[in-house]
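I have a new structure open and want to get my bearings. These are my notes on what I looked up, in the order I went.

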Amino acid sequence: MKMKGRFLILLCMCLLISCQDQKEKEYNRILEELNLDLSNISNIVIIPNEGCGGCITDATIFFQENFLSFRDSTVIIFTGVRDLKQLQLTVGSKLLDEKNVFIDSKNLFLNDKVSSIYPQRLNIKNSNTSAYSLFERSNF
Amino acid sequence: MKILLRLLFLLLLISCKKDLIVNEVLSETDQKSFKLNSTSTLNINSAEFFINKDDNEIFSFLNTNDNSLVYYLSSSPKKIEFASEGENGVGRFSITTSHHFISQDSILILQTEMGKLFLSNLDGKILKSIDLFDLNDRGSFVNYPTGSTLKPMISYGEILFAGCNFVKFFNDYSNYGTLQKINFKNSQLENIISLPKKYDENFWGTMFKYRISFCLSEKGTLLVSFPIDDEVYEYDLEGKLQASFTCKSEYVENVKPFNANKVYGSGSSPDWGKINSYSLSNSDYTALISHPNKKQYYRIVYIRPSQGDVTTGKKIPDFSVIVFDEKHQIQGEQRFSSSKFDHTLVMATEGGLAIARKDLYDENNEELVFSIFNLNGDL
């Protein structure tokens, strides 16, 4: 009986890992398509245009105020952008003009396999996604 | 001989293509252009054309970027900046804030996030404030009024009509009003018009599938449309059903419900991914608006993308417009592409049906251009 329980837990863990791998694979496929230079990058932050308004504003304000500290190690990608003028008004040209700030013009991160109504953070190792989570100020 | 055959084939192809174009019932007859200032964009959630006492049409919209109301007596903008706090404070404008001119110098502002309706003049001075619901006591109200570009508030005498959203999702809404009457003279509120029979069974998806759209008719009645229902209903201003007629889109198939349980999700964890995907991939009747002369009505249908497209992030629908007259005779239906036209800025003006041009805005974001459409027979 004990053996059966352990086997089930192991199976669940395998399933979870395999699901996570699928999502990581999709992130990496998109990053490959975007063809960004991630050689010195440790984090990517994906900020959607629509979703949790407070969370999106919080992530945007955080990087408006602190991006100088992360500009060489962090890439910011705005996805779902419908109106560049509106993005410039909301985010400001100063941040948008930074070298590691991009717009996902093909909306690749709106793909249901990876999209979120919250800003997301990807941990990057060797130019690939090694982990992903929702954006939190405390991670930076 | 071969050349002749090719030429004949080409002519046949062209003639087939022409047949497709002939089916169009609306033609572009004019364009209206409005200059946008540096803080104004196409990100507009509340806009209207208002005809003043001198019979001039005023176009206006709320600008959430600088808490202002922008209006046009000509093609150049004028702006009223609203205070967010203090004696004349109306809070910050957001996607849920809407406005409506009731006269040349009186504007109603519905601040859903504050539960208040403000009456302002053209100087931004608040003349009156009406409490609509208490946000701190969510158990005290079942629905709340809200407006948008496609579902604007309308007024008749001292009454403002605003469509409602329900407070509690996954609920039995049978006895809830979907439309709120707000008397802006004596501050009385009344909820009228419950969901039609089609909603009695089954669960139909996200909240926007339950959202009423309405306009005033020539007879002074309300014409009412619901997203999943082929019927258009006629109610008197007290909310009593007078008649209904079928106004079906060729783009809306017999929609199957998301779930046979009317209160799906109330007892267990709902699958939001599936609910959203279903809602965004099943076409619906989004809006009903009337021409100012009340002789022509436009039922706007969102032609939703396939589930596959929604999955890959392509969620913006094309749309069609069904035109019917004051006798409820359907004149025809025409499809519009969302790559060329903005699917949220479709409005009625004295000149005809105004649809904002997304493609022209993408080329020049300092100008908002509407294409004006009229029935082919009216040319």
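**Entry 1: sorting residues by class.** Before counting anything I need the classes: Ala, Val, Leu, Ile, Met, Phe, Trp, Tyr, Cys and Pro count as nonpolar, Asp, Glu, Lys and Arg count as charged, and the others, Gly among them, are polar. I also remind myself that this is a predicted model.

**Entry 2: the second largest pocket.** I looked up its volume and got about 660 Å³. It has 28 lining residues, and those closest to the centre are B:Phe49, B:His100, B:Ile154, B:Ser290 and B:Lys294. Which elements of chain B give two or more residues to this lining? They are strand 2 (47–51), strand 6 (97–103), strand 11 (154–156), strand 15 (213–216), strand 19 and strand 23 (341–349). Strand 2 of chain B gives the most, with five residues. Sorted by class, the lining of the second largest pocket has 19 nonpolar, seven polar and two charged residues.

**Entry 3: B:Lys294 again.** I went back to this residue from the pocket centre. B:Lys294 sits in the loop between strand 19 (284–290) and strand 20 (296–303) of chain B. Its phi is positive, about 60 degrees, although it is not a glycine. Is B:Lys294 buried or partly exposed? It counts as partly exposed, because its relative accessibility is 23% and buried would mean under 20%.

**Entry 4: a positive phi in chain A.** A:Ser127 is not a glycine either, and I read a positive phi of about 65 degrees there. This serine is in the loop between strand 4 (120–125) and strand 5 (128–134) of chain A. With 34% relative accessibility, A:Ser127 goes down as partly exposed.

**Entry 5: the largest cavity.** The structure holds three cavities of 30 Å³ or more. I noted about 60 Å³ for the volume of the largest one. Its lining includes B:Asn171, B:Asp172, B:Tyr173 and B:Lys262. By class I get four nonpolar, three polar and three charged residues in the lining of the largest cavity.

**Entry 6: B:Ser338.** I found this serine in the loop between strand 22 (330–336) and strand 23 of chain B. B:Ser338 is buried, as its relative accessible area is 12%. What does B:Ser338 contact, leaving aside neighbours within four places in sequence? I listed B:Ile316, B:Pro317, B:Asp318 and B:Lys358. A polar atom of the B:Ser338 side chain lies 3.3 Å from the backbone oxygen of B:Pro317.

**Entry 7: helix 2 of chain B.** In this helix (residues 272–281) I marked B:Ile275, B:Ser277, B:Tyr278, B:Ser279, B:Leu280 and B:Ser281 as buried. The buried residues of helix 2 pack against strand 19 and helix 3 (307–311) of chain B.

**Entry 8: cysteines.** How many disulfides are there over all chains? I count one. A:Cys52 and A:Cys55 form a disulfide, with their sulfur atoms 2.0 Å apart. The link of A:Cys52 and A:Cys55 is right-handed, with 60 degrees about the S-S bond. A:Cys55 is partly exposed, at a relative accessible area of 26%. B:Cys164 is in no disulfide, and its nearest cysteine sulfur, that of B:Cys215, is 17 Å away. B:Cys164 counts as buried, with 1% relative accessibility. B:Cys247 is in no disulfide, and here the nearest cysteine sulfur, again that of B:Cys215, is 11 Å away. I have B:Cys247 down as buried, at 0% relative accessible area.

Methods:
Residues numbered from 1 in each chain as written. Chains lettered and ligands numbered in written order. Predicted model: local features only at pLDDT ≥ 70, side-chain atom pairs only at ≥ 80, totals over all residues. Heavy atoms only, no water. Helix = DSSP H or I, 4+ residues; strand = E, 2+ residues; numbered from the N terminus. Buried < 20%, exposed > 50% of the residue type's maximum accessible area, 1.4 Å probe, protein only. 1 Å grid on protein atoms, 1.4 Å probe; cavity = no way out; pocket = protein on both sides within 12 Å on 5 of 7 lines; lining within 4 Å. Points joined across faces, edges and corners; volume = space filled by probe spheres on them. Contact = heavy atoms within 4.5 Å. Polar contact = N/O pair within 3.5 Å; in protein donor to acceptor, adjacent residues only side chain to side chain. Disulfide = S-S within 2.5 Å.
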